[in-house]
Amino acid sequence: MEAPVINVGIMTEKAVSFTFHGEYVHTETGNFLSGEQRVIYVNGNIVFNGKLYKEIFFEPTSVSAFFELKAVTIGVNFHWQRQEDQRFKGSLNLVVTDKGIMFINQVDAEEYLTSVISSEMSANASRELLKAHAVISRSWLLAQVEKNFKSNGPKKQHPNVYRDNQQLIRWYDHEDHEYFDVCADDHCQRYQGITRASSLTIKEVIQETRGEILTDGESICDTRFSKCCGGITEQFEYCWEPVPHPYLAALRDSRENTFPDLTVEAEADKWIRTSPEAFCNTTDKAILSQILNNYDQETTDFYRWQVSYTQKELAELIYRKSGINFGEILDLIPLSRGTSGRIEKLKIVGTHQTFIIGKELEIRRTLSETHLYSSAFVVDKEDIYFDIPQRFVLTGAGWGHGVGLCQIGAAVMGEQGYNYRQILSHYFPGTEIEKRY
Ligand SMILES: [Zn+2]
Ligand SMILES: [Zn+2]
């Protein structure tokens, strides 16, 4: 069986120059094209070679042909946002939307995955780690395609925000796209076509796992991953909508499989303040550089970390981030924790007001200029002066949401000789690898 063709949304612009390297055919007119082309958005139409269109489809006439788009914006809303010329294999589909002309690349799923794994992973990573990631990315990709195929597929069962005058509980999950399966930016998975050459190792890893996805016996698994679980993985429901996913459960990230119940405050406190043995409890530079892109600039204190704020810093930060004036902060009280010790609901007590926030990402955004490493932390109040702490020290565990595969732990497993099947069945218990094509 052939790999499916997927639709990747590259960008939406009002006027674009692009180049066909090799020959493409404009399917409506049957005209063969190569070299530089230009399209402009005018009054809800695409203007191309003096004619108006609502949609245009260009197909390559050979496998070596590719097209090049000028000035594609990458890293939208990230500090490194910039523009770059990008090259893509496969077909080019232009569609009119109310914002301009949407550029969609139709490409073979395996071609797409080669590009994605090349931009997300270091080619120096162990083969088994790369293979595990290839299966995860492919599972996620085919699940998106399947969702789009079932046009009346399952709607979200729960609204993702709950607010009243005592609390704000919200979570952030992937929104589905309307015109295509996946976008090319970090919202989905970063995809830059063939702009950068893929290493031989990555091509081989994609080939060796060709068509392989993870299933729970019924459907394709929702293969979440994060940087470091902190020793025990988080259960899906504590981070996103309250729908059980049996293979996204709590597990000890170690050969050991006994672990404390971190939903109990005293157990979480003890766990977070110590540094128990775990696959992801490592400071091995060679392993960390496989996962952390800018390893030299990044801290290695992620298994256990500490952040400290003065009263003034914390009060101003929370006010700015939440829009709520708590006055001076008296306490930060965990009301509920997930299986990894991540706080699901946090009560902020101030001199003016008390309010509860959740879930983990909302907490991480509120208590940091960027993002706190994780919401698995304990709070120490220091220099208490007339009942008001002058300093708050947060001691935490792990990096990211902690659900599913722990990237640092998986990198260590790969180095220790586990194969990708063992890595995947460790992090996604009860699942199996199925070859779809
Ligand atoms: Zn997206
Ligand atoms: Zn871990």
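Biologist: Before we start, what does buried mean here?
Modeller: Buried means under 20% relative accessible area. Keep in mind that this is a predicted model.

Biologist: Fine. Is Cys229 buried or exposed?
Modeller: Cys229 has a relative accessible area of 1%, so it is buried, given the cut-off of 20%.

Biologist: Which protein donors does the zinc ion (ligand 2) have?
Modeller: Cys229 (SG), Asp253 (OD), Cys280 (SG) and Cys406 (SG) are its protein donors, and they lie 2.1 to 2.3 Å from the zinc ion.

Biologist: And the site, what angles are there among the four donor atoms?
Modeller: They run from 100 to 120 degrees, and the site is tetrahedral. For reference, the ideal angle for four tetrahedral donors is 109.5 degrees.

Biologist: What parts does the pair Cys229 and Cys406 tie together?
Modeller: Cys229 sits in the loop between β15 (225-226) and α4 (265-273), while Cys406 belongs to strand β22 (residues 405-406), so the pair links parts 177 residues apart in sequence. Cys406 is also buried, at 1%.

Biologist: New topic. Where is Ser139 found?
Modeller: In helix α2, which covers residues 127-149. Ser139 has 0% relative accessibility and therefore counts as buried.

Biologist: What does Ser139 touch?
Modeller: Leaving out residues up to four places away in sequence, Ser139 touches Ile213, Leu214, Ile220, Cys221 and Thr223. A polar atom of the Ser139 side chain also lies 2.7 Å from the backbone oxygen of Val135.

Biologist: Last one: how many bridges join β20 to β21?
Modeller: Eight, and the two strands run antiparallel. One of the pairings is Lys381 with Phe392 in β21. Two residues lie between the strands of this hairpin, where Phe386 takes a positive phi near 50 degrees.

Notes. Residues are numbered from 1 along each chain as its sequence is written. Chains are lettered from A and ligands numbered from 1 in the order in which they are written. This is a predicted model: local features need pLDDT of at least 70, side-chain atom pairs count only at pLDDT 80 or more; totals for chains, interfaces and linings use all residues. Side-chain values use heavy atoms; hydrogens and water are left out. Helices (H or I, at least four residues) and strands (E, at least two) are DSSP runs, numbered from the N terminus. Buried means under 20% relative accessible area, exposed over 50%, partly exposed in between (1.4 Å probe, protein chains only). A polar contact is a pair of N or O atoms within 3.5 Å; within protein, one must be able to donate a hydrogen and the other to accept it, and residues adjacent in sequence count only if both atoms are side-chain atoms. Contact means heavy atoms within 4.5 Å. Two strands pair if DSSP finds at least two bridges between them. Donors are N, O and S atoms within 2.8 Å of the metal (3.2 Å for Na, K and Ca); water is not among the atoms, so sites may look incomplete. Four donors count as tetrahedral if all angles lie between 85 and 135 degrees; four count as square planar and six as octahedral if opposite donors are over 155 degrees apart and all others between 65 and 115; anything else is irregular.
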